[in-house]
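Thanks for taking a look at this one with me.

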Amino acid sequence: MHMDRYERYWLIAVAITLAVFFSALVAGAVIYGVRLDDPTQIVNPAMVDQIGDFATLGPGVHVITREDGTTYKKIVILAQRWHFNAGGAELDENGKEIIHVTQGDEVQFVVASRDVTHGFLVQEHNINFELVPGQISSAKTIMNRPGQYAIVCHEYCGKEHQGMWMTIIVDPASESVSQNQE
Ligand code: CUA
C-alpha cells in the first residue's frame, strides 16, 4: 500500500502523542492516585437542606468553636435557580443577599445546589466551585482585605443566570471592635 511520506510522519506523530497521553493517564491513576470524587459527599440535591450542615446549621454565617477554643466562620449557602440562599438576614436593593465577615476571619464555605449546575465564585478570593447537583462543595480561605466582594454564578443555569449573585462584605477589624464596645 502506498503511503505518502508526510502522511506516515503524521501517523507516527499522532501515535506518539496518544501513547504519551495514555501513559500520563495510567501514571496519574497508578503513581499519583488521581481519582474521581468518591460518593461520600453524594446527596440527593432536592433533599440537601435536610443533610449535614444544611440541616443542623442552615444557610447563614455561623461561628464554629473548635475543641482548642479557636473559632472560624462557616458560611452555609444553598444555590437554587436563581438565587443564593445565605439565610436571608440582609438583602440589597435588588433583593440579593448580603453577608458579613470580619477582616482576618478564617472562613469555610459550604455550598450545594438544589437543582441544576451552578457556579460559585468569590470575587478576588481563591474560592471557585462548580456546584454539581448532588455534591457538597467546601473550601476554606482567610479574608484579609476589607471590602465588598461579589459572589457570582458562573455556570449558565437558565434565563435569570445573569442575575444570580450575592455580596460578601469584609468589615475592617478595627470597626468591628468599636462596634462591640458600643
Ligand atoms: Cu446559577 Cu448561573
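**Notes on the model**

1. Let us begin with Asp115, which is partly exposed because its relative accessible area is 22% (buried means under 20%, exposed over 50%, partly exposed in between, with a 1.4 Å probe and protein chains only). The side chain of Asp115 meets that of Arg81 in a salt bridge, 4.0 Å from N to O (a side-chain nitrogen of Lys or Arg within 4 Å of a carboxyl oxygen of Asp or Glu). This pair links distant parts of the chain, 34 residues apart: Asp115 is in the loop between E5 and E6, and Arg81 in the loop between E2 and strand E3 (83–85). Arg81 is also partly exposed, at 44%. Strands (E, at least two residues) and helices (H or I, at least four) are DSSP runs, numbered from the N terminus.

2. A word on how to read all this: the model is predicted, so local features need pLDDT of at least 70 and side-chain atom pairs count only at pLDDT 80 or more, while totals for chains, interfaces and linings use all residues. Residues are numbered from 1 along each chain as its sequence is written, and side-chain values use heavy atoms, with hydrogens and water left out.

3. How many salt bridges does a search of the whole structure find? There are 8. In one of them, Asp49 joins Arg114, with the closest N and O atoms 3.7 Å apart. Asp49 lies in the loop between H1 and helix H2 (52–56) and Arg114 in the loop between E5 and E6, so this pair ties together parts that are 65 residues apart in sequence. Both residues are partly exposed, Asp49 at 27% and Arg114 at 26%.

4. Glu124 and Arg145 form another salt bridge, their closest N and O atoms being 3.4 Å apart. Here the loop between E6 and E7, which holds Glu124, is tied to the loop between E8 and strand E9 (147–152), which holds Arg145, 21 residues apart in sequence. Please look as well at Arg66, Glu106 and Lys140, which are linked in a network of salt bridges.

5. Is His118 buried or exposed? His118 counts as buried because its relative accessibility is 0%. This residue is found in strand E6 (residues 118–122).

6. Strand E6 belongs to an open sheet of 5 strands, in the order E4-E10-E9-E6-E7 with mixed pairing (two strands pair if DSSP finds at least two bridges between them). At the edges are strand E4 (98–102) and strand E7 (127–131), each pairing on one side only. E4 runs parallel to strand E10 (residues 165–171), joined by 5 bridges, and the bridge partner of Thr102 is Asp171 in E10.

7. Strand E5 (residues 105–113) is largely enclosed by the rest of the structure, because 8 of its 9 residues are buried. Strand E2 (residues 71–80) runs parallel to E5 with 7 bridges, and Ile75 stands opposite Phe109 in E5. Strand E8 (residues 136–143) is antiparallel to E5, with 8 bridges; there, Val111 stands opposite Ser137.

8. Finally, a stop at helix H1 (residues 5–30), where Phe21 is found. Phe21 counts as exposed because its relative accessibility is 57%.
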